[in-house]
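The sequence and the structure come next, and the description follows them.

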Amino acid sequence: MSSVPESPFLLRRFQSLLGIIPIGAFFCEHAFTNSLAYFYGPEKFNEAVEFLQGLPFVLFMEVFLIGVPILLHAAIGLYIWIFGQSNVQHYGYLRNWLYSLQRWTGVIAIIFIVYHVYKLRIEWTLNPDIHHINFEYVQEYFSKAWHVVFYFIGVAASAFHFANGLWNFMVKWGITVGERAQTASGYACSLIGVGVFAFFMSSLYAFS
């Protein structure tokens, strides 16, 4: 009989799944959409934003397919961190560090996301003169130097959290079994994390 409590085990699996679908998928899509400002210019970015904002039931999707999963993922992660029985002391040195970084980058990411969503999704909706966000609005946001620094730190934390979470997801769900498979997936996930971070940084360069 397993000594691992069933509820925390299921919570960990559910939380890791939320981190990939839908949160991770949205994170990658957001990186791509933002990067259009760098690769194709302001007009293409504005077109993409207008298309996304014009989707049917967009508010429903933003709340229940993005917002609620993010809050659940964060709440479960915090619960497991505080009340879960960690066996981090049995990890290797690298995995021990990655475990700790995963927890702390999650805290940084949720603080960043809350502020980012308020400034770039909620605040402008209160202005009746703005129908949807555009390149100029985001450029004005990044005219403040501390917003640039905050964005850099927040995206870096989020990219690491996503990449390491993707590695953990494949381990927890039995996709990568064995040391060689997990090592190979570690390199692949690192490249994905760096790639997503680079896409966000390209957009930051374009906006600022």
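## Cysteines

The sulfur of C189 lies 11 Å from the closest cysteine sulfur, that of C28, which is too far for a bond. A disulfide is here a pair of cysteine sulfur atoms within 2.5 Å, and the structure holds 0 disulfides. C28 is accordingly in no disulfide.

Buried means a relative accessible area under 20%, exposed means over 50%, and partly exposed is in between, with a 1.4 Å probe and protein chains only. C189 is buried at 2% relative accessibility, whereas C28 is partly exposed at 31%.

## Basis of the model

This is a predicted model, in which local features need pLDDT of at least 70 and side-chain atom pairs count only at pLDDT 80 or more, while totals for chains, interfaces and linings use all residues. Residues are numbered from 1 along each chain as its sequence is written, and side-chain values use heavy atoms, with hydrogens and water left out.

## Overall build

The protein chain has 8 helices and 0 strands. Helices (H or I, at least four residues) and strands (E, at least two) are DSSP runs, numbered from the N terminus. Read from the N terminus, the elements run α-α-α-α-α-α-α-α. The radius of gyration of the protein chain is 18 Å, close to the 17 Å that the globule rule gives for 208 residues, so the chain is as compact as a globular protein of that length. That radius is taken over C-alpha atoms, and the globule rule is 2.2 Å times the number of residues to the power 0.38. Along its principal axes, the C-alpha trace spans about 60 × 30 × 30 Å.

Contact means heavy atoms within 4.5 Å. Of the contacts in the protein chain between residues at least 6 apart in sequence, 75% join residues at least 24 apart.

## Surface and charge

Of the 208 residues in the protein chain, 35% count as buried. The accessible surface of the chain is about 12800 Å², and 71% of this area belongs to carbon and sulfur atoms. Accessible areas come from the Shrake-Rupley method with a 1.4 Å probe; for residues, only the protein chains shown count as cover.

There are 10 positive and 11 negative side chains in the protein chain, and the centres of the two sets are 17 Å apart. Lys and Arg count as positive and Asp and Glu as negative, leaving out His and the chain ends. Each charge is placed at NZ of Lys, CZ of Arg, CG of Asp or CD of Glu.

## Residues in helices

L11 is in helix α1 and is partly exposed, with a relative accessible area of 26%. L11 and I76 are 65 residues apart in sequence, yet their C-alpha atoms are 7.1 Å apart in space. Leaving out residues up to four places away in sequence, L11 touches I76, Y79 and I80.

K119 belongs to helix α5 (residues 93-122). It counts as buried at 16% relative accessibility. Beyond residues up to four places away in sequence, K119 touches W124, Y137, Y141 and H147. N164 is placed in helix α7 and is buried, with a relative accessible area of 6%. Apart from its neighbours within four places in sequence, N164 is in contact with R95, L98 and Q102.

## Residues in loops

W173 sits in the loop between α7 (145-172) and α8 (179-207). W173 is partly exposed, with a relative accessible area of 34%. Its contacts, neighbours within four places in sequence aside, are R13, S16 and L17. The C-alpha atoms of W173 and S16 are separated by 8.9 Å, although these residues are 157 residues apart along the chain.

Two further loops hold backbone features to look at. Most residues other than glycine have a negative phi, and most peptide bonds are trans. I21 and P22 are joined by a cis peptide bond, with omega about 15 degrees, and P22 lies in the loop between α1 (6-20) and α2 (23-39). F57 is not a glycine but has a positive phi of about 55 degrees. F57 is found in the loop between α3 (42-53) and α4 (58-83), where it is exposed, with a relative accessible area of 67%.
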